[in-house]
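Have the viewer open while you read them.

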Amino acid sequence: MSKGVGLVVGLLVGFWGLQAAEIAFEPAPRLLGTFALVVRGVTADQGEAVLFNAATGQRLVLPLERHGPVLRTPPILAVRPCDPRPAGQRVHLLEVTGVGELLVAATALGQGLSAAAKVGPREGRCELLLEAKEGEEWKHVQALGAGEYRVRLVCPPADRTCQPDPLPRGLRVRLGQTELTLDLLEDGNATGHFVWTFSSAFALDRERPELLFVLRWEDRAVAVAAEQARLILQVGEKELGVPVPLLPVEVQPATALLVPAGCRAQLELRQPAEPDEVLWWVPGRGWFAGVSLELAADEPLALGVPRYPEALLAKVFVRKGAAWGATQIAVSIAPRPRLLFVDPKTGEEIRGPWPAAQEFRIRMVDPLGFPGEALAVYVGKLGPQPLERRVELRPVEGGVYESAPLSPRLWQAKPGEFLWAQVRYPAPVACVVSVLLPLR
Amino acid sequence: MIAALVLVGAVAGGALEVAHPAFFRSEPVVLWTPGAEPTPLLFFCGQPWPVRWTVEAEGERVRWEALLPPEAPLGAWVVCVGAECFAFLRVEDGASLVEVVGAPPGAHVAIDGGPPHTLGERGSGFFLTRPGRHALEAWHACDRLVQVWEIAPGERKTVRLGDFVGLGASSPEVLPGRRFRLILRVRSALALPRLEIQAVLPPGWRAVGEEELFRPVPAGGLVERRLEVEVPPEAAEGVYRILVRWHGQERGLAMRVVSALSPLRVVGHWDVARGDLDLTAPFALTFERVLWAASLLGQPLPYTGVRLTPELLREILEAWASGAGG
């Protein structure tokens, strides 16, 4: 034990009980921070104080001068060997090697006073910044996309020694449900800067299928569903949330589509304009490329019995440049509507040739997907002079639509000729329901 | 008595002819019009459907062809040329089409024992069937036939129940006030009680002998029937068109009305027994007719406006010797 340590210990033991007077560090000593030793409760107007660094063995003898009710030493600056020395300042330099070193202050005044403190961290606030690489430059950004990024932590308190220091408790990263802690090392001997560099990209998982947002750094990777992707960075109490915006995707029809069995429907990408890649996924049918998708609704048969409604969720994934977006459309397959010629007297479906002089009605059953009160059917005669005309069907009971009684004479139809009735679905469904009536 | 001949002012549906009552999805729509104007227009459910037509002259008519895109809907389509329209069906390629043509109007046709379809005055109809083996049954009056055949997906099968083989005349030239005979040659798969035709004659012309039309038409064979027509005395010289429709099939004939016939025509149609011209009889240079002609050497030859010179007689004799004209 050195001489200085012996003196301090002696002072501590001898004068422990006389605390009316005291010596104190004001403010608490910090790395690269200025502080003084202050003595209170003594009558002397001057004296000396000793400051001792237990780690380095450095001993400073400092004068005490009265400043009002207290005696105070000149300013003391705790510096490491790697820190620049202040020029032109009247400060006493206390050599430290890092944060946490034990300092002991003592004075003979007041029948011997002493105090101990540890060197605190550098003053300053920690700041988290996200930067994107643009060319050779890093630019501050507030959202993530696909590219090269770095998180820069400017945190002077984390600079503890003249060696690159590890970030205490690391950088906590949360992406979707994934949470991890990254061990970062200061990027210089005394910078207080910590950097995490990573790349990010969108990836299409064709198995799930799902658009993923993937972060890669060193040999590690984390992937989450892109629509849930939000990067949250945390250092101590400091938190930075970074959104991952997706390309807005708009499809016509917007969210839901009803397709009658046996019909086709067109899904069309409306936004973004001029995409670089458009991929559609239809469960059970696979992948399709192109700005539009034609869906053919097959008759779903299970044990020979139609099973309605069958629903599926079609998805579209769109890329423009490095940006991706996705959306989904609920597709329901409903029974195909049926057009019938019916006997106006019995209401029965006409199944064979019908007398050319006798009236009939046109009925539509299961008219799903047709908006409005009235439903227009086109009726004509096959062959020359079809005399096609628009006939309105109006709702009757049971969700069925029917025309008024119609005479084949309206079409100048004779025995042996055929009348037709047909209705066309409004876009985006491309479907025509037709029925023929042979006349006798 | 049921009429076998119906004289009409015009035969309906002549200007626009569509190749089939139904077209497959991948098949072009084909039609014919009398001229290149106006362009046919296609409509579906009342809405115009622009197409690119391929146009080419085909005889006196213009042939139009347009291939609809695959996404064009199936169902009933209408094509119009001016005010004349025609409705046809567009059907899936996987279906099969059976077209029945040349049937007697009112004939019944059924496939695989299904409900019978009565054929109209065009004598045609069609069935949209599944590919496979089918039995077509047709009946009319007292006759009935059954045909069994296979049809493939996308195949169009034409079942011809009657064939209007030809329309001719006993003489291509006729004098005003004289008669001639139309000669109709038909073949019918069904036996018919008579030959029922529609005819369009020039104004003032009249059918005076239609007895042969009432004779039964046996099934299968080529049948010839004659119809006597009288030209009005006031008929001017020129070419006159006659149209005859039988079971939806139309045949035309150009008749020339002349003020004088050629010497050979007169000799070939001379009724030696009656001593007069008979344009209703078939043209034939017989020994008796040539002998009659020879007796007129140096004298006017009736209905020709010329005298029979030795040169003309030599021509007649050479034609007789060569067998020309029967």
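The points below go from the conventions to the interface and then into chain B.

1. Ground rules. This is a predicted model, where local features need pLDDT of at least 70 and side-chain atom pairs count only at pLDDT 80 or more, while totals for chains, interfaces and linings use all residues. Residues are numbered from 1 along each chain as its sequence is written, chains are lettered from A and ligands numbered from 1 in the order in which they are written, and side-chain values use heavy atoms, with hydrogens and water left out.

2. The interface overall. Chain A puts 24 residues into the contact and chain B puts in 23 (contact means heavy atoms within 4.5 Å). Together they bury about 1,900 Å², with 66% of that on carbon and sulfur atoms; buried area here is the accessible area, with a 1.4 Å probe, that two parts lose on being put together, summed over both.

3. Polar links across it. Five residue pairs are in polar contact between chain A and chain B, both residues at pLDDT 80 or more. A polar contact is a pair of N or O atoms within 3.5 Å; within protein, one must be able to donate a hydrogen and the other to accept it, and residues adjacent in sequence count only if both atoms are side-chain atoms. There is one salt bridge across the interface, between A:Lys414 and B:Glu121 at 3.6 Å, N to O (the rule wants a side-chain nitrogen of Lys or Arg within 4 Å of a carboxyl oxygen of Asp or Glu).

4. Who supplies chain A's side? β32 (375-381), β33 (383-384), β36 (418-424) and β38 (432-438) of chain A each give at least two residues to the side that touches chain B. Strands are DSSP runs (E, at least two residues), numbered from the N terminus.

5. Strand pairing between chains. β33(A) pairs antiparallel with β10 (residues 84-91) of chain B over two bridges, and A:Pro384 sits opposite B:Phe86. Pairing requires at least two DSSP bridges between the strands.

6. A sheet in chain B. Four strands form an open antiparallel sheet in the order β2-β4-β8-β7, with β2 (17-18) and β7 (54-58) as the edges, each pairing on one side only. β4 (residues 29-33) and β8 (residues 61-66) share five bridges.

7. B:Arg63 is the bridge partner of B:Trp32, and its side chain makes a 2.7 Å polar contact with that of B:Glu65. Beyond four places in sequence, its contacts include B:Val30, B:Thr54 and B:Glu58.
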